[in-house]
Amino acid sequence: MSGFARVHVLATPEAQAQGVIGRPGIAADEVFLFPDIDPAGTYFHMAGVPFAIEIAFLDGDLRVLSVERMEPGSGRAWPTPGTRHAAEAAPGALAAQGIRPGVVWEQLRRAAADEGGSGGP
């Protein structure tokens with residue numbers, strides 16, 4: 001697993017609320033990390049997102065709990081119980097990098113530690 005070339009760490013509530021809204025798409029080599037989310041008060045939606053995405057829900061150890069695909073116009077995705085972080089990527093990009101339930105995603109640990117990749121979108 002070589003990892004994603006760009007990890008955007010959305011560390012503020014404002015950056016997390018914006019997410020990928022307004023972007024034309026997500027490249028296959030980039031991922032958007034939502035660190036330290038409140039699983040009780042957080043959901044993901046597709047309003048303002050005209051392309052499909054995949055969301056990985058991760059626990060506090062960055063172990064992938066689940067991966068969900070969302071299509072434009074679909075409803076909401078609620079974090080899997082135990083979620084502490086989430087990451088959005090282009091469809092198929094997670095599987096191509098070996099990211100699946102049960103895997104500990106070490107690249108995100110490094111990215112979050114140095115306030116990651118390229119920051120916001």
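This is a predicted model: local features need pLDDT of at least 70, side-chain atom pairs count only at pLDDT 80 or more; totals for chains, interfaces and linings use all residues.

Student: What's the strand order in the open sheet?
Tutor: The five strands run 1-2-7-4-5, with mixed pairing; strands are DSSP E runs of at least two residues, and helices H or I runs of at least four, numbered from the N terminus. Pairing takes at least two DSSP bridges between two strands.

Student: And which are the edge strands?
Tutor: Strand 1 and strand 5, each pairing on one side only.

Student: How do strand 4 and strand 7 pair, parallel or antiparallel?
Tutor: Antiparallel, over five bridges. Phe57 sits opposite Ala86 in strand 7.

Student: OK, core next. Which residues touch the most other members?
Tutor: In the largest nonpolar core, with 35 residues, they are Val7, Val31, Phe44, Ile55, Leu58, Trp105 and Leu108. Such a core is buried Ala, Val, Leu, Ile, Met, Phe, Trp, Tyr and Cys joined through side-chain atoms within 4.5 Å, buried being under 20% relative accessible area (1.4 Å probe, protein chains only).

Student: Which strand gives the most to this core?
Tutor: Strand 4, with five residues.

Student: What does Val31 touch?
Tutor: Leaving out residues up to four places away in sequence, its contacts (heavy atoms within 4.5 Å) include Phe4, Val7, Trp105 and Leu108.

Student: Where does helix 3 lie?
Tutor: Across strand 1, strand 2, strand 4 and strand 7.

Methods. Residues are numbered from 1 along each chain as its sequence is written. Side-chain values use heavy atoms; hydrogens and water are left out. Buried means under 20% relative accessible area, exposed over 50%, partly exposed in between (1.4 Å probe, protein chains only). Axes are lines fitted to C-alpha atoms, for helices over the stretch in contact, and angles run from 0 to 180 degrees between N-to-C directions.
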